[in-house]
Amino acid sequence: MIAEGGLAALWIAAAMALVQLVLGGSAARSGAEELMRATRKIAVVQGLLALGAFLTLILLFVQSDMSVLLVATNSHSAKPLIYKIAGAWGNHEGSMLLWVTVLGVAGAGVAIFEKRLDGKTLAATLAAQAVLALGFYAFLLLASNPFLRLDPPAPDGQGLNPLLQDPGLAFHPPTLYLGYVGLSVAFSFAVGALLTRQIGPAFARAMRPWVLGAWFFLTIGITAGSYWAYYELGWGGWWFWDPVENASLMPWLAATALLHSVTVLATRDGLRAWTLMLAVVAFSMSMIGTFLVRSGILVSVHAFAVDPTRGTFILALLAIYIGGALALFGARVGTVTQGSTFQLVSREGALVLNNLLLCVILGVVFIGTLYPLVAQAMGQQLSVGAPFFNAASVPVALALVVATMAGPMLKWRKDQWGALGRKMMLPAAAMVTIVVVLLVAMPGTPIVPLLGLVAAAGLAVASIVPLLGRKLRRTPIHIYGMVLAHLGVAVAIAGMASDTAFKQERLAAVRVGETVAVGSFKAKLTEIRPIIGENWSALEATLSIRRNDGDPFRLQPQQRYFSQPVTTTSEAAISTMIDGQLYTVLGASDGQGRYQIRMWWKPFVTFIWLGGFMIAFGGLLAMVGRIRREMRSEDEAE
Amino acid sequence: MMVKPKHQRLALALAALAAILGAGGLALSALKDQAAFFYAPGDVAGKPLPLGKNVRLGGMVEKGSLTHEADGVSIRFTVTDGKAKVPVAFRGVTPDLFREGSGVVAEGQFQADGSFAADNLLAKHDERYMPPQIAGKMHKTETLEK
């Protein structure tokens, strides 16, 4: 009965979305106060129903109800509770349900909290959000029903891919989805504003916290996902440029451009059409990314062929939403009245440059991700990997760093080259110092990471400059947010460059009692023993490690064997130090008493994720600061 | 100097266009050098080898072909697609589900002697996940064997 309850909630939610569309549409036309209130209420009900359906699915997973097909194929009664819960969204149907749940809840959030936007635009926004929700309800109910029964019930489930049985990964998809689908709000705002033609600073100020919130979750999700891949896959890499990662990077790039351009719109009433365009593009990228991955087109052409209805359904939805929004944009863009103009050397000018460069990177990633599909259609099998993405995006990213240094130093409206030059003295000095230090101390540093380290040093100093000469206690919170985020970019780049240039690797087959050395570390294999976990067994190596003549410490990498489904995974053992990480992996045995041990010394690699979290929390600070300001100015107005 | 709004809009549109073209140009030129083509042993048998380029080789690890070198970290094996065979050399930790009779994709370069030097191996991960490049090819191969 529980499963049927969840299904019923979904159907009613879909009906509510239809009502929301009709009410919102007529409210946007007539502006009738009562219709608007009703639209808001319906949006809240719709969000709660979707949330209820999602919680129902989690309950079914927790109970291990094997009469539900999805539970039987993706869960197992012997799984730890946390992975039973996470199993609810670790599959196609469940993750689609999570997607519509976030969509519904985000719509409800807009209905409850959005008080600044004019009534008509808000009604149109909620109507647009309802259109989005309707399509995904239809997809869920007609092609991906998560509550499908299995008759007769399975004796037990087939288990969850062990790679996914990791606490970090359990909460990775929900975080990413909050980001992806949070961008739907920006999309609906843009559609609403295009319909009512109310585009200006007030609109931008209303949209900004939503963009910042979605961007915060997206940044957290990408950073956490990168760390997960780093320690779980056991390859020591932190970014693989695989389609799944690119699917999350593309909306992030668009959202990053959007949150900068929305500031131009809010402050200077410029870039009106461009900002609307970016809002449409950002969520389109979320949809393209998620659905290309979810439908299996990108991950496996094979899977797409297996279930053509799903793939076709998804493509149709994409075409309708993206095509529809772009058509609306094309029809209305001529009537979007011109915002203010600006000078090249100004904050706005730098932000335009930022937007263009971000869009170039986005374009490169987009082409590289989709090209194999196109080639496949033309009968050629190929893959586009890290060499392509690095070659095409790193130079643009370095140029972007330079723009990021200059942007916050420039005044709005109009500034002088000379003034900029004076402010750039400090970062320039930092960059020269780093070049000299690296050339003297590390003469063999390859050129790209060298440039990365130089850019990071310059940006680190430049990001602090906007605080100089300010009274720190009276500086608005959102300025601190910007400083923290830009500093985070510098820190992350420093980590990437340092790992690329200075990591040391050692691979050896050793017997118990033998020693392997990497960098300043000596690791002695003291023991190999079997151990038993909750739903796995493992072979565990004990390494006794000393750095130079320091105290010995232990690391215990494992090879784990799972029985449901049958899989082996390497569990890396990592020791984090102030200046980097020592990463150890246990490989296969050669059958004659030797075990493969792989070790990396990765200097300052932790900076990558530290920087990522700084960027995310910079966004959060900016959001909090902006909301507080809006509330304060509202109080003053009253 | 006052800029006319219309002109600025035009300039911005042109800048955006330039950015798109720049991205496209950058991507295409990099694709020409960096896209890794996928081969099955049967695709290269009796044809000139794509030497000096990063490519992918996919097929099955032939049963009985896996040998370990004395250093304990280097292996040799043969990849087959039922039509032809290519000997592969690899140094490193093999993926978790790499074994004889199972599907594999090797990333690396063909050598002048017809062998393949792999920098990286991708194996079939579990029942459900299969690297995309191998799924289509493996299907063909399995059908052939039956």
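Biologist: Over which residues of chain B does pLDDT stay under 50?

Modeller: The term pLDDT denotes the predictor's confidence in each residue, from 0 to 100. In chain B, pLDDT stays under 50 over residues 125-146. The model has 42 contacts beyond four places in sequence for that stretch, two residues being in contact if their C-beta atoms, placed from the backbone, lie within 7 Å. Where pLDDT is low, the predicted coordinates should not be read in detail. This is a predicted model, in which local features need pLDDT of at least 70 and side-chain atom pairs count only at pLDDT 80 or more, while totals for chains, interfaces and linings use all residues. Residues are numbered from 1 along each chain as its sequence is written, and chains are lettered from A and ligands numbered from 1 in the order in which they are written.

Biologist: In which elements of chain B is confidence lowest and highest?

Modeller: Elements are DSSP runs numbered from the N terminus: helices (H or I, at least four residues) and strands (E, at least two). In chain B, helix H3 (residues 132-145) has the lowest confidence, with a mean of 39, and strand S5 (residues 85-91) the highest, at 93. Chain B has a mean pLDDT of 77, with 80% of its residues at 70 or more.

Biologist: What is the mean pLDDT of chain A, and which of its elements has the lowest value?

Modeller: The mean pLDDT of chain A is 89, and 95% of its residues reach 70 or more. Helix H12 (residues 301-306) of chain A has the lowest mean among the elements of that chain, 41, whereas H18(A) has the highest, 96. Residues 300-306 of chain A stay under 50 throughout, and the model has 15 contacts beyond four places in sequence for them. For the model as a whole, the scores are ipTM 0.77 and pTM 0.91.

Biologist: How is chain A divided into domains?

Modeller: Domain bounds come from an automatic or database domain assignment. Chain A has domain 1 (1-163), domain 2 (166-335 + 358-379) and domain 3 (504-603). Between domain 2 and domain 3 of chain A, the C-alpha centres lie 39 Å apart.

Biologist: At what angle do the axes of H17(A) and H18(A) cross?

Modeller: Axes are lines fitted to C-alpha atoms, for helices over the stretch in contact, and angles run from 0 to 180 degrees between N-to-C directions. Angles under 35 degrees count as roughly parallel, over 145 as roughly antiparallel, 65 to 115 as roughly perpendicular and the rest as oblique. Helix H17 (residues 447-464) and helix H18 (residues 477-502) of chain A cross at roughly 160°, their axes coming within 8 Å. H17(A) and H18(A) are therefore roughly antiparallel to each other. The contact includes Leu453(A) and Leu459(A) of H17(A), and Ile493(A) and Met496(A) of H18(A). By class, this contact of H17(A) with H18(A) has 16 nonpolar, five polar and no charged residues. Here Ala, Val, Leu, Ile, Met, Phe, Trp, Tyr, Cys and Pro count as nonpolar, Asp, Glu, Lys and Arg as charged, and the others, Gly among them, as polar.

Biologist: At what angle do H5(A) and H8(A) pack?

Modeller: Helix H5 (residues 92-113) and helix H8 (residues 172-196) of chain A pack at about 50°, with axes 9 Å apart. That angle makes H5(A) oblique to H8(A). Among the residues that meet are Trp99(A) in H5(A) and Tyr177(A) in H8(A). The contact of H5(A) with H8(A) has, by class, twelve nonpolar, three polar and no charged residues.

Biologist: Which peptide bond is cis?

Modeller: The bond from Asp151(A) to Pro152(A) is cis, with omega near -5°. Pro152(A) is placed in the loop between helix H6 (119-143) and helix H7 (167-170) of chain A.

Biologist: What is phi of Ser64(A), and where does this residue lie?

Modeller: Phi of Ser64(A) is near 50°, a positive value in a residue other than glycine. Ser64(A) is located in the loop between helix H2 (33-62) and helix H3 (69-74) of chain A.
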